[in-house]
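This briefing covers sheets, domains, a pocket and a helix contact. The sequence and structure come first.

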Amino acid sequence: MTQVDLQKLTKIYPGSDSPAVHALSLTMPSGRITALLGPSGCGKTTALKMIAGLITPSEGNILFDGDSIVGVPTEKREVVMAFQNHLLFPHMSVSQNVGFGLKMRGLDRHTIQRRVSEMLDLVRLPGLDDRRPHQLSGGQQQRVALARALIVEPRVLLLDEPLSNLDAHLRGEMRELIHDVQQQFKLTTIFVTHDQEEAVVLADQIALLFEGQLHQYGPPQAFYERPLNERVARFFGGINFIPGYKRGSVIETGLGQLQCYSAALSDGAVVVTIRPENVAIGRNGSEINVAHGRVESSTYLGTHARFKVSVQAGNGHPPLVLEVVADASSIHLYPVGQTVKLYLPPEKIWLVPAED
Amino acid sequence: MQKVAPSQSISIKPRWGNSVGRWLAVGAIVVGLLLPFLPLLIWSFSHRWYFPAVAPTEWSLRAWRYVFGDNTQALQALGYSFVIASATTLLSIAIGIPAGRALGLHEFRGKALVRFLILAPTIVPPLAVAMGIHIVFIRYGLANSLPGVVLVHLIPVTPYMVLVMASVFANYNPQYEEQARTLGARPWQVFWYVTLPAIFPGIIVGGLFAFIISWSEYLLTLLIGGGQVITLPLLLFSFANSGDNAITAALSIVFIGPAVLFLILTSRYLTGRNAAIGGIGRL
Ligand SMILES: Nc1ncnc2c1ncn2[C@@H]1O[C@H](COP(=O)(O)OP(=O)(O)OP(=O)(O)O)[C@@H](O)[C@H]1O
Ligand SMILES: [Mg+2]
């Protein structure tokens, strides 16, 4: 059980002028899973390697339970990192790979053997002891890598894209395994991913990075319900952004006046956002937050239907296109060309700062 | 280091397709190398063999008695050659690993210059260099000594060793070392358990080059050894000059033997998948 604190952690690679990680401050709670999320190249691996001690930070500090570990060499940090490409030692058998960390700690052969077979059972790979890494499937390799990391009982487990090399089916299996194992060992786990869904399913806390900078940190729901800016909202599938002007609880937009309960921002220019699944299509009754538009396109998604609806904006605004996700059956109700009524529930409307 | 096995089928298929190919290659090398030495073998047992005769008219063991007899220079020369070639090989490995790593793995300013300097001894006539070195060695008491000969052998040997190791490290994934460290391996453990096994085929291939180059070096040994350090090639030349064909032939066989033996022992690193890792491509 170890709490990890990053304080203004910064890495500027030699010869590069923009930092790969910039003043990253995070407190990652003990015994929980934290996801470092962000698009490719945003500095996730760099951050992880700094925690592992494989890269020296240019600035800032890393604390484990309040003690700085920046000066501690990798092998003494009790942090295990499982890399993006599993990196099983090709000249060793599965059990030698899994037992590697214990051998380095000088444990005797029998103890190692016993722990290795316990570990292989745990990751559901019994009986593969003597195989070589190249004789395993991708999913098996990933699980061996996980077993090899867990066997040394690290204070902090770092996983770099643990699911990225797997197909959809194996991904689900591996995700469950990581979840179960983490619950069982109550390990402080930090995992890196570029897939927001993965982060949402697996993590207790998500830290979203763009270009080395932290944009939002919090539980998964916050990223859907309370994104801090347009970019965060877009990364989590937000697509409806309507510029407006806030006065109290009313926002003037191209759709007319919208009521909203969000009080996060002060009066002035804002951007209204609502998730496509929160826009109600064709519902009668409500008087406020209503817009009329024309169905431009519809896509049948099996469990859902997705519509693009263009709304004539008043007051000289350009026309707005809203995306709406509704019941799969509604695909027949609203053919392309039809005029529909859209309702934007006030409690589902969220405001983010206007960007210029 | 092999990154990911290129295809899984290789390991599942019975190994024999692979090993027949390997033994054919080894066979071809051995026959190609040994056949020219059949006449040598005959010469070494001959006593009288004049022009029109197809085979010697009289046979004798004189040459071989000389080679393996007491108080002859042959065994001593064999010993010298062996010690010098081994020491040169070990030293060149010690130089080749870090130098090859730097060249193969890292980009740094002046890399082209360093590469040129390493290659230079293969282009510049060794004689030109050796003359200068001789003067320096005399000053430091290294001339006419075994350590001096070992050091001067490093001139032709090191470039090959460094180049082989550089190509090994160019195909090497240093992330394995990072992985080992996060699992708790100390620096020497990382080297011993991770780096060394990965570059081992390259060390064998480079070492084979190094050993054979040093083993057959004549001119530099003569110059720096100053007649005090008599290795096999030196002895061989003096007998060749004296016109004693039988002894020359016997010494030639002794001379060539270890090289062929080395080649056979290391053949599994010269063929098949390991060869690419060793930096000489697939044979
Ligand atoms: N050794 C290095 N030297 C210089 N720049 C580097 C180095 N490693 C990474 N970078 C740069 O730092 C930035 C962050 O890289 P990093 O590997 O941390 O990204 P990432 O978020 O892990 O991306 P991905 O999802 O593709 O793995 C990138 O712009 C990358 O080009
Ligand atoms: Mg990465």
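In which order do the six strands of the open sheet in chain A stand, and what is their pairing? The order is β6-β7-β8-β3-β9-β10 (chain A), and the pairing is mixed. The model is predicted: local features need pLDDT of at least 70 and side-chain atom pairs pLDDT 80 or more, while totals for chains, interfaces and linings use all residues. Residues are numbered from 1 along each chain as its sequence is written, chains are lettered from A and ligands numbered from 1 in the order in which they are written, and side-chain values use heavy atoms, without hydrogens and water.

**Six-stranded sheet, chain A**
- The edge strands are β6 (79–82) and β10 (213–218) of chain A, each pairing on one side only; strands pair if DSSP finds at least two bridges between them.
- From one strand to the next, the twist averages 15 degrees.
- Strand β3 (residues 33–37) of chain A runs parallel to strand β8 (residues 188–193) of chain A, and five bridges join them.
- Ala35(A) has Phe191(A) as its bridge partner in β8(A).
- Strands (E, at least two residues) and helices (H or I, at least four) are DSSP runs, numbered from the N terminus.

**Four-stranded sheet, chain A**
- A sheet of four strands, also open, has the order β2-β1-β4-β5 (chain A) with antiparallel pairing.
- β2 (21–28) and β5 (67–68) of chain A each have a single partner strand, so one side of each is left without a neighbour in the sheet.
- Strand β1 (residues 4–11) of chain A is joined to β2(A) by five bridges, and the two run antiparallel.
- Asp5(A) has Thr27(A) as its bridge partner in β2(A).

**Domains, chain A**
- An assignment, automatic or from a database, gives chain A domain 1 (4–225) and domain 2 (240–353).
- Over C-alpha atoms, the centres of domain 1 and domain 2 of chain A are separated by 41 Å.

**Second largest pocket**
- The lining consists of 17 residues, with Ser95(A), Gln96(A), Gly99(A), Lys103(A) and Ile112(A) nearest the centre.
- Two elements give two or more residues to this lining: α2 (94–104) and α3 (109–122) of chain A.
- The largest share, six residues, comes from α2(A).

**Helix contact, chain B**
- The axes of helix α5 (residues 73–105) and helix α12 (residues 232–242) of chain B come within 8 Å and cross at roughly 140 degrees; axes are lines fitted to C-alpha atoms, for helices over the stretch in contact, with angles from 0 to 180 degrees between N-to-C directions.

Methods
On a 1 Å grid over the protein atoms alone, a cavity is a set of points where a 1.4 Å probe fits but cannot get out, and a pocket is an open set with protein on both sides within 12 Å along at least five of seven lines; lining residues have an atom within 4 Å of a point.
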